[in-house]
Amino acid sequence: MRAVVLVVGLLVALAVPASASGHLPKWELTPTGVTAQFRGLSAVSARVAWVSGTQGTVLRTVDGGRTWKSVGPPDTGTLEFRDVEAFDADHAVILSIGPGTDSRVYRTDDAGTHWRQTFQNTDAAAFYDCLAFFDPWRGLAMSDPVDGRFRVQATVDGGRSWRQVPDNGFPPALPGEAGFAASGQCVTTSGPFDAWLATGGGATARVLHSGDGGRHWTASATPLPSSQSAGVFALAFRTPWQGVAIGGDFANPTAPGPAVALSSDRGRTWRTPGQYPAGYRSGLAWRGGTVLAVGPGGSDLSPDGGRHWTSFDAGSFDSVDCTPLGSCWASGVGGRVARLG
(Lines give C-alpha, C1' and ligand atoms only; values in the text may rest on other atoms or scores of the structure.)
Protein backbone atom coordinates (compact mmCIF):
# COMPACT_ATOMS: atom_id res chain seq x y z
CA MET A 1 0.00 0.00 0.00
CA ARG A 2 1.11 3.61 -0.82
CA ALA A 3 3.31 3.00 1.63
CA VAL A 4 0.22 -23.35 25.28
CA VAL A 5 0.58 -26.59 24.08
CA LEU A 6 3.05 -29.26 25.22
CA VAL A 7 6.61 -28.80 24.05
CA VAL A 8 6.56 -32.36 22.75
CA GLY A 9 3.62 -31.47 20.52
CA LEU A 10 5.49 -28.47 19.17
CA LEU A 11 8.56 -30.52 18.38
CA VAL A 12 6.59 -33.17 16.56
CA ALA A 13 4.69 -30.58 14.54
CA LEU A 14 7.87 -28.82 13.51
CA ALA A 15 9.85 -32.02 12.92
CA VAL A 16 12.58 -30.94 15.33
CA PRO A 17 14.92 -33.84 16.12
CA ALA A 18 14.38 -35.63 19.42
CA SER A 19 17.86 -34.59 20.50
CA ALA A 20 16.56 -31.03 20.64
CA SER A 21 13.78 -32.02 23.07
CA GLY A 22 12.79 -29.18 25.36
CA HIS A 23 13.83 -26.42 22.96
CA LEU A 24 11.75 -24.30 20.61
CA PRO A 25 13.14 -23.73 17.12
CA LYS A 26 15.20 -20.61 16.58
CA TRP A 27 16.28 -18.38 13.75
CA GLU A 28 19.94 -18.62 12.79
CA LEU A 29 21.07 -15.35 11.21
CA THR A 30 23.16 -15.54 8.04
CA PRO A 31 25.67 -12.82 7.04
CA THR A 32 24.39 -10.97 3.97
CA GLY A 33 26.89 -8.10 4.17
CA VAL A 34 24.27 -5.48 3.25
CA THR A 35 21.82 -3.19 5.08
CA ALA A 36 18.89 -3.35 2.67
CA GLN A 37 15.42 -4.15 3.97
CA PHE A 38 14.31 -7.47 2.53
CA ARG A 39 10.54 -7.79 2.24
CA GLY A 40 10.82 -10.14 -0.72
CA LEU A 41 11.78 -13.73 0.09
CA SER A 42 11.58 -17.06 -1.73
CA ALA A 43 12.73 -20.31 -0.11
CA VAL A 44 13.75 -22.95 -2.66
CA SER A 45 15.47 -25.52 -0.42
CA ALA A 46 17.63 -25.81 2.70
CA ARG A 47 20.52 -24.49 0.62
CA VAL A 48 18.91 -22.17 -1.91
CA ALA A 49 16.99 -18.96 -1.17
CA TRP A 50 16.45 -15.57 -2.80
CA VAL A 51 15.73 -12.21 -1.11
CA SER A 52 14.87 -8.82 -2.60
CA GLY A 53 14.48 -5.33 -1.18
CA THR A 54 15.47 -1.71 -1.12
CA GLN A 55 18.05 0.01 -3.33
CA GLY A 56 17.43 -2.52 -6.10
CA THR A 57 18.99 -5.28 -4.01
CA VAL A 58 18.54 -8.94 -4.90
CA LEU A 59 20.63 -11.63 -3.20
CA ARG A 60 20.87 -15.39 -3.71
CA THR A 61 22.46 -18.17 -1.63
CA VAL A 62 23.19 -21.72 -2.76
CA ASP A 63 25.04 -22.86 0.37
CA GLY A 64 22.44 -22.51 3.10
CA GLY A 65 23.17 -18.85 3.78
CA ARG A 66 26.91 -19.14 4.47
CA THR A 67 27.46 -16.78 1.55
CA TRP A 68 25.16 -14.49 -0.42
CA LYS A 69 25.75 -13.12 -3.90
CA SER A 70 24.30 -9.87 -5.21
CA VAL A 71 22.45 -10.75 -8.42
CA GLY A 72 20.03 -7.85 -9.00
CA PRO A 73 19.40 -6.18 -12.35
CA PRO A 74 21.77 -3.36 -13.28
CA ASP A 75 20.72 0.28 -13.02
CA THR A 76 17.82 -0.38 -10.62
CA GLY A 77 19.22 1.24 -7.47
CA THR A 78 16.18 3.49 -7.10
CA LEU A 79 13.71 0.60 -7.15
CA GLU A 80 12.29 -1.39 -4.23
CA PHE A 81 11.97 -5.07 -5.04
CA ARG A 82 9.22 -6.05 -2.60
CA ASP A 83 8.62 -9.55 -3.94
CA VAL A 84 10.63 -12.40 -5.45
CA GLU A 85 9.33 -15.76 -6.64
CA ALA A 86 12.09 -18.27 -7.37
CA PHE A 87 11.51 -21.58 -9.12
CA ASP A 88 15.01 -22.98 -8.46
CA ALA A 89 18.60 -21.74 -8.14
CA ASP A 90 18.60 -20.26 -11.65
CA HIS A 91 15.08 -19.05 -12.46
CA ALA A 92 13.29 -16.24 -10.61
CA VAL A 93 10.86 -13.36 -11.06
CA ILE A 94 11.04 -10.11 -9.07
CA LEU A 95 8.55 -7.27 -8.62
CA SER A 96 9.36 -3.65 -7.87
CA ILE A 97 6.68 -1.48 -6.32
CA GLY A 98 5.73 2.13 -6.72
CA PRO A 99 3.45 4.49 -8.58
CA GLY A 100 3.40 4.49 -12.34
CA THR A 101 6.46 3.12 -14.08
CA ASP A 102 8.20 2.17 -10.81
CA SER A 103 6.02 -0.95 -10.75
CA ARG A 104 7.93 -3.47 -12.86
CA VAL A 105 8.59 -7.20 -13.25
CA TYR A 106 11.93 -8.76 -14.21
CA ARG A 107 12.83 -12.39 -14.92
CA THR A 108 16.18 -14.22 -14.89
CA ASP A 109 16.95 -17.66 -16.32
CA ASP A 110 20.65 -17.77 -15.41
CA ALA A 111 20.82 -17.14 -11.63
CA GLY A 112 20.72 -13.37 -12.00
CA THR A 113 23.57 -12.99 -14.47
CA HIS A 114 21.06 -11.46 -16.87
CA TRP A 115 17.57 -10.06 -16.33
CA ARG A 116 14.85 -9.13 -18.76
CA GLN A 117 12.18 -6.59 -17.89
CA THR A 118 8.90 -8.27 -18.78
CA PHE A 119 6.38 -5.76 -17.46
CA GLN A 120 6.31 -2.04 -16.70
CA ASN A 121 3.20 -0.33 -15.44
CA THR A 122 2.10 2.65 -17.53
CA ASP A 123 -0.99 3.68 -15.55
CA ALA A 124 -0.23 6.44 -13.04
CA ALA A 125 -3.16 5.27 -10.91
CA ALA A 126 -1.83 1.71 -10.51
CA PHE A 127 0.58 0.55 -7.79
CA TYR A 128 1.65 -3.11 -7.80
CA ASP A 129 2.16 -4.75 -4.40
CA CYS A 130 3.03 -8.42 -4.78
CA LEU A 131 2.91 -11.49 -7.00
CA ALA A 132 2.43 -15.25 -6.69
CA PHE A 133 2.54 -18.33 -8.93
CA PHE A 134 0.32 -21.41 -9.17
CA ASP A 135 3.17 -23.31 -10.84
CA PRO A 136 6.33 -22.42 -12.82
CA TRP A 137 4.22 -21.02 -15.67
CA ARG A 138 1.03 -19.42 -14.32
CA GLY A 139 1.10 -16.45 -11.96
CA LEU A 140 -0.61 -13.24 -10.87
CA ALA A 141 0.62 -9.75 -9.96
CA MET A 142 -1.67 -7.57 -7.85
CA SER A 143 -2.13 -3.80 -7.94
CA ASP A 144 -4.13 -1.46 -5.74
CA PRO A 145 -7.54 -0.58 -7.20
CA VAL A 146 -7.81 1.50 -10.35
CA ASP A 147 -11.16 3.12 -11.12
CA GLY A 148 -12.77 1.34 -8.18
CA ARG A 149 -11.60 -2.23 -8.81
CA PHE A 150 -8.45 -4.18 -8.02
CA ARG A 151 -6.14 -4.68 -10.96
CA VAL A 152 -4.32 -7.96 -11.65
CA GLN A 153 -1.83 -8.96 -14.34
CA ALA A 154 -1.61 -12.65 -15.30
CA THR A 155 1.15 -14.71 -16.91
CA VAL A 156 1.04 -18.18 -18.47
CA ASP A 157 4.72 -18.37 -19.47
CA GLY A 158 6.56 -18.01 -16.16
CA GLY A 159 6.51 -14.23 -16.07
CA ARG A 160 7.99 -13.70 -19.52
CA SER A 161 4.85 -11.83 -20.58
CA TRP A 162 1.78 -10.42 -18.80
CA ARG A 163 -1.78 -9.49 -19.65
CA GLN A 164 -4.34 -7.60 -17.60
CA VAL A 165 -7.24 -9.59 -16.17
CA PRO A 166 -10.54 -7.92 -17.18
CA ASP A 167 -11.74 -5.80 -14.28
CA ASN A 168 -15.37 -6.90 -14.68
CA GLY A 169 -14.40 -10.07 -12.84
CA PHE A 170 -13.72 -8.14 -9.63
CA PRO A 171 -16.18 -6.87 -7.02
CA PRO A 172 -16.08 -3.11 -6.38
CA ALA A 173 -13.31 -1.97 -4.05
CA LEU A 174 -14.25 -0.20 -0.84
CA PRO A 175 -13.34 3.49 -0.46
CA GLY A 176 -9.67 3.63 0.55
CA GLU A 177 -9.16 -0.12 0.09
CA ALA A 178 -5.78 -1.35 -1.17
CA GLY A 179 -3.07 -3.96 -0.63
CA PHE A 180 0.00 -3.82 1.62
CA ALA A 181 3.40 -4.40 0.00
CA ALA A 182 4.89 -5.54 3.31
CA SER A 183 6.06 -9.09 2.72
CA GLY A 184 5.23 -10.14 -0.82
CA GLN A 185 2.30 -12.13 0.60
CA CYS A 186 -0.76 -10.00 -0.15
CA VAL A 187 -1.54 -12.45 -2.95
CA THR A 188 -1.19 -16.21 -2.55
CA THR A 189 -2.21 -19.42 -4.32
CA SER A 190 -2.93 -23.04 -3.43
CA GLY A 191 -3.49 -25.78 -5.96
CA PRO A 192 -3.93 -25.17 -9.68
CA PHE A 193 -6.80 -22.64 -9.59
CA ASP A 194 -7.31 -20.99 -6.18
CA ALA A 195 -5.89 -17.55 -5.42
CA TRP A 196 -6.52 -14.95 -2.72
CA LEU A 197 -5.84 -11.21 -2.37
CA ALA A 198 -5.41 -9.47 1.02
CA THR A 199 -6.74 -5.97 1.60
CA GLY A 200 -6.99 -3.18 4.14
CA GLY A 201 -7.40 0.55 4.22
CA GLY A 202 -11.18 0.53 3.87
CA ALA A 203 -13.99 0.15 6.36
CA THR A 204 -13.39 -3.63 6.45
CA ALA A 205 -10.28 -5.77 5.99
CA ARG A 206 -11.22 -8.22 3.27
CA VAL A 207 -9.95 -11.24 1.36
CA LEU A 208 -10.78 -11.70 -2.32
CA HIS A 209 -10.89 -15.26 -3.66
CA SER A 210 -10.70 -16.67 -7.16
CA GLY A 211 -11.42 -20.32 -7.91
CA ASP A 212 -10.70 -20.14 -11.63
CA GLY A 213 -7.07 -19.04 -11.81
CA GLY A 214 -7.70 -15.33 -11.34
CA ARG A 215 -10.45 -14.54 -13.82
CA HIS A 216 -13.32 -14.03 -11.37
CA TRP A 217 -13.23 -12.91 -7.74
CA THR A 218 -15.51 -12.71 -4.70
CA ALA A 219 -14.87 -10.71 -1.51
CA SER A 220 -15.24 -11.80 2.13
CA ALA A 221 -14.94 -9.72 5.30
CA THR A 222 -12.43 -10.63 8.01
CA PRO A 223 -12.41 -9.67 11.71
CA LEU A 224 -9.00 -7.99 11.44
CA PRO A 225 -8.90 -4.23 12.09
CA SER A 226 -8.87 -1.98 9.03
CA SER A 227 -7.68 1.59 8.55
CA GLN A 228 -5.22 3.45 6.37
CA SER A 229 -2.42 1.53 8.13
CA ALA A 230 -4.28 -1.64 9.12
CA GLY A 231 -5.75 -4.71 7.50
CA VAL A 232 -4.70 -8.11 6.21
CA PHE A 233 -1.00 -8.05 5.33
CA ALA A 234 -0.36 -11.71 4.49
CA LEU A 235 -2.26 -14.84 3.51
CA ALA A 236 -1.17 -18.48 3.53
CA PHE A 237 -3.22 -21.51 2.54
CA ARG A 238 -2.10 -25.04 3.42
CA THR A 239 -4.71 -26.42 1.03
CA PRO A 240 -7.33 -24.64 -1.05
CA TRP A 241 -9.62 -25.00 1.96
CA GLN A 242 -7.47 -24.21 5.01
CA GLY A 243 -6.02 -20.72 5.29
CA VAL A 244 -4.70 -18.10 7.69
CA ALA A 245 -4.78 -14.32 7.38
CA ILE A 246 -2.54 -12.08 9.48
CA GLY A 247 -1.90 -8.37 9.86
CA GLY A 248 -2.80 -5.62 12.29
CA ASP A 249 -1.78 -1.97 12.29
CA PHE A 250 1.79 -1.18 11.20
CA ALA A 251 1.46 2.36 12.56
CA ASN A 252 0.51 0.96 15.99
CA PRO A 253 2.35 -2.39 16.01
CA THR A 254 1.65 -3.21 19.67
CA ALA A 255 -2.10 -2.71 19.40
CA PRO A 256 -3.78 -5.72 21.06
CA GLY A 257 -6.54 -6.18 18.48
CA PRO A 258 -6.98 -9.54 16.73
CA ALA A 259 -4.24 -9.92 14.16
CA VAL A 260 -5.14 -13.42 12.94
CA ALA A 261 -8.16 -14.94 11.23
CA LEU A 262 -8.74 -18.53 10.12
CA SER A 263 -10.75 -20.02 7.27
CA SER A 264 -11.73 -23.61 6.52
CA ASP A 265 -13.94 -22.92 3.51
CA ARG A 266 -11.58 -21.48 0.87
CA GLY A 267 -11.77 -18.01 2.37
CA ARG A 268 -15.53 -17.57 2.23
CA THR A 269 -15.72 -16.98 6.00
CA TRP A 270 -13.12 -15.97 8.58
CA ARG A 271 -13.02 -16.33 12.37
CA THR A 272 -10.73 -15.07 15.14
CA PRO A 273 -9.01 -17.82 17.16
CA GLY A 274 -9.13 -17.72 20.94
CA GLN A 275 -5.41 -16.88 21.05
CA TYR A 276 -3.25 -14.91 18.63
CA PRO A 277 0.14 -13.16 18.44
CA ALA A 278 0.44 -9.90 20.36
CA GLY A 279 0.64 -7.09 17.83
CA TYR A 280 1.21 -6.53 14.14
CA ARG A 281 2.61 -9.35 11.99
CA SER A 282 3.40 -9.06 8.29
CA GLY A 283 4.50 -12.53 7.15
CA LEU A 284 3.07 -16.06 7.22
CA ALA A 285 4.11 -19.56 6.16
CA TRP A 286 2.99 -23.15 6.66
CA ARG A 287 5.52 -25.78 7.76
CA GLY A 288 3.50 -28.94 7.59
CA GLY A 289 0.60 -28.38 9.98
CA THR A 290 2.42 -25.61 11.83
CA VAL A 291 2.01 -21.93 11.01
CA LEU A 292 4.89 -19.46 11.36
CA ALA A 293 4.26 -15.72 11.68
CA VAL A 294 6.79 -12.89 11.69
CA GLY A 295 6.79 -9.13 12.11
CA PRO A 296 8.83 -6.25 13.53
CA GLY A 297 7.82 -7.36 17.05
CA GLY A 298 8.97 -10.97 16.77
CA SER A 299 8.14 -14.46 15.54
CA ASP A 300 5.40 -16.86 16.62
CA LEU A 301 4.35 -20.40 15.81
CA SER A 302 1.09 -22.29 15.97
CA PRO A 303 1.27 -26.11 15.92
CA ASP A 304 -2.48 -26.47 15.40
CA GLY A 305 -3.22 -24.46 12.30
CA GLY A 306 -3.53 -21.05 13.93
CA ARG A 307 -5.68 -21.79 16.97
CA HIS A 308 -2.93 -21.41 19.62
CA TRP A 309 0.31 -19.44 19.36
CA THR A 310 3.72 -19.37 21.08
CA SER A 311 6.35 -16.65 20.67
CA PHE A 312 9.82 -18.04 19.93
CA ASP A 313 11.93 -15.07 18.79
CA ALA A 314 11.96 -11.33 19.53
CA GLY A 315 13.91 -10.19 16.48
CA SER A 316 12.44 -8.17 13.64
CA PHE A 317 11.50 -9.84 10.36
CA ASP A 318 9.14 -8.83 7.57
CA SER A 319 8.64 -12.05 5.64
CA VAL A 320 8.88 -15.81 6.10
CA ASP A 321 8.77 -18.67 3.61
CA CYS A 322 9.03 -22.47 3.88
CA THR A 323 9.62 -25.19 1.31
CA PRO A 324 7.36 -28.26 1.04
CA LEU A 325 10.09 -30.25 2.83
CA GLY A 326 10.12 -27.83 5.79
CA SER A 327 13.13 -25.61 5.21
CA CYS A 328 12.16 -22.14 6.43
CA TRP A 329 13.75 -18.74 5.92
CA ALA A 330 12.94 -15.24 7.21
CA SER A 331 14.05 -11.79 6.05
CA GLY A 332 13.74 -8.20 7.17
CA VAL A 333 15.29 -4.86 8.01
CA GLY A 334 19.04 -4.17 8.13
CA GLY A 335 19.95 -6.99 5.77
CA ARG A 336 18.58 -9.59 8.20
CA VAL A 337 18.10 -13.05 6.72
CA ALA A 338 17.82 -16.20 8.83
CA ARG A 339 17.23 -19.90 8.47
CA LEU A 340 15.12 -21.85 10.96
CA GLY A 341 17.25 -24.17 13.10
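Begin by selecting Leu-41, which stands opposite Val-51 in strand 3. The model on display is a predicted one.

Strand 3 covers residues 49–53 and pairs with strand 2 in the antiparallel sense, over 5 bridges. Both belong to an open sheet of 4 strands, arranged in the order 2-3-4-5 with antiparallel pairing. At the edges of the sheet are strand 2 and strand 5 (69–70), each of which pairs on one side only.

Now turn to the largest pocket, which holds about 1000 Å³ of space. Select Glu-85, Thr-188, Thr-189, Asp-321 and Cys-322: of the 38 lining residues, these are the closest to the centre of the pocket. Colouring the lining by residue class gives 21 nonpolar, 11 polar and 6 charged residues.

The following stop is the largest nonpolar core. Among its 28 residues, Phe-170, Leu-197 and Leu-235 touch the most other members. Elements that give two or more residues to this core include strand 10 (128–133), strand 11 (139–146) and strand 18 (230–237). The largest share, 4 residues, comes from strand 15.

Select Leu-197 and display its surroundings. Among the residues that Leu-197 touches, leaving aside those up to four places away in sequence, are Met-142, Val-152, Phe-170, Trp-217 and Leu-235. Finally, select Ala-285, Phe-312, Val-320 and Leu-340, which are among the 13 residues of another core, lying apart from the largest one.

Terms used. Residues numbered from 1 in each chain as written. Predicted model: local features only at pLDDT ≥ 70, side-chain atom pairs only at ≥ 80, totals over all residues. Heavy atoms only, no water. Core = buried A, V, L, I, M, F, W, Y, C linked by side-chain atoms within 4.5 Å. Buried < 20%, exposed > 50% of the residue type's maximum accessible area, 1.4 Å probe, protein only. Contact = heavy atoms within 4.5 Å. 1 Å grid on protein atoms, 1.4 Å probe; cavity = no way out; pocket = protein on both sides within 12 Å on 5 of 7 lines; lining within 4 Å. Points joined across faces, edges and corners; volume = space filled by probe spheres on them. Nonpolar A, V, L, I, M, F, W, Y, C, P; charged D, E, K, R; others polar. Pairing = 2+ DSSP bridges.
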